[in-house]
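Please inspect the structure before reading the solutions.

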Amino acid sequence: MALNYMALAVPLFLLLIGIEYWASKRLGRQLFNFNSSIANMNVGVAERLIDMFTAGSFFFFYDYLQKNYGLFEIRPTLLVWIALLLATDFVWYWYHRAGHKINLFWGFHVVHHTSEEFNYTAGTRITIFQAVVRTAFWSVLPLIGFPAPMITTMLIVHGLYPFFTHTQVIGKLGILEYILVTPSHHRVHHASNEAYLDKNFGDMFIIWDKLFGTFAEEKEQPVFGLTKQLDSYSFLWQHFHFLVEIWYSAQQQKGIIAKLKVIFGSPEDFDPAVRRIVERRFLSKNKVRVRSQKFRRYVLVQFTVTVITLFFLLLFEHQEETFLQVMVALVIFVTLINCGAILEQRRWVFYLEFARGALIFVTAYHYFPHPTLLFLIWAVLIGGVLYFSTLQKQYLHTIYGR
C-alpha cells in the first residue's frame, strides 16, 4: 500500500505546537490565545488541503520549463545542491520583499501577518495564494536549468525551516544570528513597530537583508500583527479583506492608470480608512451577544475532527478516488468557515450546517445508493424546511448559550 508519508507533518506540527505551549506555561508567559490560535491553524489546514490538489501541477510546471527552456542541463552534485539552496532563498527574499511592497502581492501575503500572537500556530498561516505567486518567482530556477525533482525537494526543505522561526520561547542564538534567519530576526519581521516595518525578509539566510539594507536587530519589544489590526477571526475575511479593499479603492479611481496605481502601488500609500468602509459594506453586523464559552468547545471538537480527517485524507491520498477527495475537501472547507464564523459569533453559521450536511449526504448516497438512504435524505430536508426557525433557534442556543 503506497502511503503519503508527508501526511506525518500534520501530527508533527501539532506536537511542536503542544511543546511550545507547554514551554510557554513553564516560562510563565501567555503566548497563546484560543481564538487566534484556532484561526491560525485553520489557515494552515486549508493550505495543506489545497496543496494535495496543486503540488503535482507545480512539479510539472517546473519540469516543462526546464526541459523546454532551461539554459543549462544541471546535474545534482553536492555543490549544485548548495547552489540551489542559496538560489532558492535568494529568490524567496525578492518574492517576500515584493509581497510587502506591492499591494496585489500584499493582498496574498497579508494573511500570514494578520495574527496578533507570534508562535508556531502563526507559522502555519500559509495560503495557496502565496504558493501560486511564489511559483511564478521560482520559475527562474528551472529556466536556469535546475531539474524539477531537485527544485521540489529543496522547496520542501526550505518550506519546513521557517516554521521553527515563529516562536518567542527561543532567544538569540549567538553566532547563528549573523548567518541564519533566527526566531529573533523573524520576530522583527512580524512586528508592527515603526522601527521594524519591512525588515528581515529572508527565509533561511539573513545575509540578503544585510546585503540589501533591510536588516533590523531585535531591540525593543515587538508588537505583533498589522499596523491597523484586522480584529477578525473569520476564515474568509482574513483571506480576502485586503483584496476587497484593493478592489473597492480601484473602483473609486477614474482611468486605467489610476486603477493600476492602486493595484500595484505600495501598502505604505494605501488609505487605511478604506478598511472601515469595506467592513461596513461587506461584513454582517448580525452577531450574538455571548455569555457562555461553550461555543469554544464546539469549535475545538470541530477542529480536532477536521485535523484527524485531514491526516487520513493525506495519508491515503493515493488510494482514494477523486470524488471522495473533493467531497471531503469541501466538507473541511465549510467546517473551517464555520469555525471562523462561530469565533466571530455570527448567526448565519446555521446555514453552514445545512451545507455541510448536504455534502455528507451526497457523499454517502454516492457510495450507498439505497432507496432507504434517499428517503432519509428527503425526510431530513423536508423536516429542516418545515421547522427551520425552531431548529435555528435551538442550534444557536446550543452553541452560544442564552
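This is a predicted model: local features need pLDDT of at least 70, side-chain atom pairs count only at pLDDT 80 or more; totals for chains, interfaces and linings use all residues.

**Exercise 1.** Classify the geometry of the ring pair F118 and F224, and locate both residues in the chain.

*Solution.* A search of the whole structure returns 29 aromatic pairs. For F118 and F224, the ring centres are 4.8 Å apart. Centres within 6.5 Å qualify as a pair, and planes under 30 degrees apart count as stacked. The planes of F118 and F224 meet at 10°, so this pair is stacked. As to location, F118 belongs to the loop between α4 (103–109) and α5 (128–138), while F224 belongs to the loop between α9 (207–211) and α10 (235–252). The two residues are 106 residues apart, and their pairing links distant parts of the chain. Both F118 and F224 are buried.

**Exercise 2.** Identify the members of the aromatic cluster that includes W208, and state which ring K210 lies over.

*Solution.* The cluster comprises F90, Y93, W94, F201, W208 and F212. K210 lies over the face of F215, 4.8 Å from the ring centre.

**Exercise 3.** Determine whether E320 is buried or exposed, and describe its surroundings.

*Solution.* Begin with position: E320 is found in the loop between α13 (294–315) and α14 (322–343). Its relative accessible area is 18%. Buried means under 20%, so E320 is buried. Next, setting aside neighbours within four places in sequence, E320 contacts F312, L313 and Q325. Finally, E245 is 75 residues from E320 in sequence, and their C-alpha atoms are 39 Å apart in space.

Technical notes: Residues are numbered from 1 along each chain as its sequence is written. Side-chain values use heavy atoms; hydrogens and water are left out. Rings of Phe, Tyr and Trp (its six-membered ring) pair if their centres lie within 6.5 Å; planes under 30 degrees apart count as stacked, over 60 as edge-to-face and the rest as tilted. Helices (H or I, at least four residues) and strands (E, at least two) are DSSP runs, numbered from the N terminus. Buried means under 20% relative accessible area, exposed over 50%, partly exposed in between (1.4 Å probe, protein chains only). A charge sits over a ring if NZ of Lys or CZ of Arg is within 6 Å of the ring centre and within 35 degrees of the ring normal. Contact means heavy atoms within 4.5 Å.
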